[in-house]
Amino acid sequence: MQSLVDRLDGLLFFPVTPFTRAAGDRPGRVDLDVYREHLRSRLAFLDAPDRPGPAAVFACCGTGEFHSLDVDEFTECVRAAAEVAAGRVPVVAGVGYGAALAASFTSAAKEAGADGLLVMPPYLVAGGAAGLRDHYTAVAESTDLELIIYQRDNVTFTPDVVADLAEVPNIVGFKDGKGDLDLMQRIVSAVRDRHGEGKLHYFNGLPTAEMSQLAYAGVGVPNYSSAVFCFVPDVALAFYHAYRAGESSLVNALLDRFFRPLVELRAKAPGYAVALVKAGVRLDGLDAGPVRPPLTDAAPEHVERLAELVTEGRRVLTEHGIDTAA
């Protein structure tokens with residue numbers, strides 16, 4: 001059977017989780033009909049002749065507000081993603097919390113049809129090297145699905161711990177959300193030194209990862225998460241394929257005129273790495289509802305600025321002779 005990571009060489013899709021609107025415009029239940037529509041509209045790009053994608057669906061992860069879902073909601077979303085993907089691309093489900101709760105989510109993910117797991121940091125606490133090694137080993141031992149471990153927030157790995165965890169048979173990938181390139185290079189080096197090339201596959205998991213991907217590629221991290229694909233898929237795919245082909249003119253134009261201003265807009269308020277993406281999905285014609293607390297929806301003036309950036313991103317594509325989805 002082909003390893004999970006062998007199927008992840010491409011742009012990675014992190015869908016939002018739509019919610020209905022309750023009284024006072026508060027978020028209600030998960031809206032599975034809108035979720036399926038969101039997934040279908042993005043997986044339609046698999047048939048694009050020149051710039052196909054995505055390579056995978058990462059369901060119920062950070063962009064999908066995993067923190068706000070109970071196990072039943074999580075299971076419904078992963079099952080819907082597996083049904084819509086229908087084996088064309090793998091579905092990777094986000095799991096997290098302590099080892100016991102993580103095991104509950106891993107079991108639910110497998111039952112729902114997930115092909116693999118993205119293991120997010122344990123809740124709140126920051127253990128030492130031995131504690132992290134034991135935690136992620138325990139999560140891996142709770143399932144036969146393949147795992148990608150995720151460094152972000154309260155979890156920072158040492159290179160030796162990552163090299164230790166690479167010995168666990170079903171830990172196959174490492175995703176970085178810290179942005180410390182010196183540490184990332186040392187992790188890649190330590191795993192290579194102990195296990196040889198190809199033991200782990202590495203991913204850039206920073207918010208708006210396109211902005212930092214050229215730097216990550218330089219330290220041996222070939223792929224990245226794309227939340228932008230949720231709401232402006234033509235721009236996201238054009239950037240990805242230009243980056244892989246070394247088309248620096250298009251890459252730099254999109255960095256300068258779309259991604260850098262987007263990152264500056266994202267910095268306007270906490271939680272905008274998710275809230276702006278949901279706003280973008282609404283701008284693209286699909287009402288994915290509000291974000292769940294403690295996140296808050298993007299301010300109207302910031303949504304207006306986001307619309308301007310989408311227009312500018314597509315203007316860049318037109319200037320480079322690329323048809324847009326708009």
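**Salt bridges and parallel strands**

The side chains of Glu312 and Arg315 meet in a salt bridge, 2.3 Å from N to O. A salt bridge here is a side-chain nitrogen of Lys or Arg within 4 Å of a carboxyl oxygen of Asp or Glu. This is a predicted model: local features need pLDDT of at least 70, side-chain atom pairs count only at pLDDT 80 or more, and totals for chains, interfaces and linings use all residues. Residues are numbered from 1 along each chain as its sequence is written, and side-chain values use heavy atoms, with hydrogens and water left out.

**Salt bridges**

- The structure holds 20 salt bridges.
- Glu312 and Arg315 sit three residues apart in helix α11 (residues 300-319), about one turn of the helix. Helices (H or I, at least four residues) and strands (E, at least two) are DSSP runs, numbered from the N terminus.
- Glu312 is buried at 19% relative accessible area; Arg315 is partly exposed at 40%. Buried means under 20%, exposed over 50%, partly exposed in between (1.4 Å probe, protein chains only).
- Asp9 pairs with Arg244, with the closest N and O atoms 3.0 Å apart. Asp9 precedes β1 (12-13) and Arg244 lies in helix α8 (residues 233-245), so the pair ties together parts 235 residues apart in sequence.

**Strands around β9**

- Strand β8 (residues 171-176) runs parallel to β9, joined by four bridges. Strands pair if DSSP finds at least two bridges between them.
- Asp176 has Asn204 as its bridge partner in β9.
- β9 also pairs in parallel with strand β10 (residues 223-226), over two bridges.
- In β10, Tyr224 is the bridge partner of Asn204.
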